[in-house]
Amino acid sequence: MPTASATANSSMTLLRPMSVAKTQDMGFGTIVQGNGLITLAADGTLTTGGTTDKTASSASSVKVAQFTISGEGAQEISITVPGTFSLTNGSSSLTVTTLHNITDVAHTNLSGSLAGSGSYSFNVGGSFSLAGTEATGNYTGSFTVSANYN
């Protein structure tokens, strides 16, 4: 009696590991206490509202966080930027809402082509409100950005 059979083919795509590198920290510069909204746009523009003000000498310390994701060229990735993070000074805390220049965090493509390296760079700024009653001094905080292949 004859035997029936079928052959299945198999394939895979092997991708180089992905990395996320911070290339610049975020800085809001020096702000004069008051009541209002402080906004550091993803393009690096700092605006103050209400009775708050920025000092002219702080211009060099105003900067967005910058990140570069590297991996397999032309691959679709998703990027996670937290919606908020905290700046703290002792027991005083400010909630910063993040702002970024990523068009679509769920569907972004790395540059380059398959079998070659690719990258994607972006900026993160943020905004927070001051009530005019916060403790003066240095406020610090951090946040983590991550990425995955889709």
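Predicted model: local features only at pLDDT ≥ 70, side-chain atom pairs only at ≥ 80, totals over all residues.

Biologist: OK, how many salt bridges turn up in the whole structure?

Modeller: Two, from a search of the whole structure. Arg 16 pairs with Glu 72, with the closest N and O atoms 3.0 Å apart. That pair links distant parts of the chain, 56 residues apart: Arg 16 is in the segment before strand E1 (19-24) and Glu 72 is in strand E8. Strands (E, at least two residues) are DSSP runs numbered from the N terminus, as are helices (H or I, at least four).

Biologist: Is Glu 72 buried or exposed?

Modeller: Buried, at a relative accessible area of 3%, whereas Arg 16 is partly exposed at 33%. Buried means under 20% relative accessible area, exposed over 50%, and partly exposed in between, using a 1.4 Å probe and protein chains only.

Biologist: And which residue does Asp 25 bridge to?

Modeller: Lys 22, where the closest N and O atoms are 3.0 Å apart. Asp 25 counts as partly exposed at 44% relative accessibility, and Lys 22 is partly exposed too, at 46%.

Biologist: What about Glu 134, where is that?

Modeller: In the loop between E13 and strand E14 (146-149). Glu 134 is buried yet has no salt bridge, and the nearest side chain of opposite charge, Lys 54, is 18 Å away. For charge, Lys and Arg count as positive and Asp and Glu as negative; His and the chain ends are not counted.

Biologist: Then what does the side chain of Glu 134 reach?

Modeller: The backbone nitrogen of Gly 132, at 3.1 Å. Leaving out residues up to four places away in sequence, Glu 134 touches Gln 33, Leu 94, Ser 129 and Tyr 139. Contact means heavy atoms within 4.5 Å.

Biologist: Switching topic: which residues touch the most other members in the largest nonpolar core?

Modeller: Phe 28, Ile 79 and Phe 122, out of 28 residues. Such a core is a set of buried Ala, Val, Leu, Ile, Met, Phe, Trp, Tyr and Cys residues joined through side-chain atoms within 4.5 Å.

Biologist: Which strand gives the most to this core?

Modeller: E13, with five residues. Phe 122 has contacts that include Phe 67, Ile 69, Ile 79 and Val 145, not counting residues up to four places away in sequence.

Biologist: Last one, what's the order of the open sheet of three strands?

Modeller: E12-E9-E14, with antiparallel pairing. Strand E12 (108-109) and E14 are the edge strands, each pairing on one side only. Two strands pair if DSSP finds at least two bridges between them. E9 and E12 have two bridges, while E9 and E14 have four. Ile 77 has Thr 108 as its bridge partner in E12 and stands opposite Tyr 149 in E14.

Conventions. Residues numbered from 1 in each chain as written. Heavy atoms only, no water. Salt bridge = Lys/Arg side-chain N within 4 Å of Asp/Glu carboxyl O. Polar contact = N/O pair within 3.5 Å; in protein donor to acceptor, adjacent residues only side chain to side chain.
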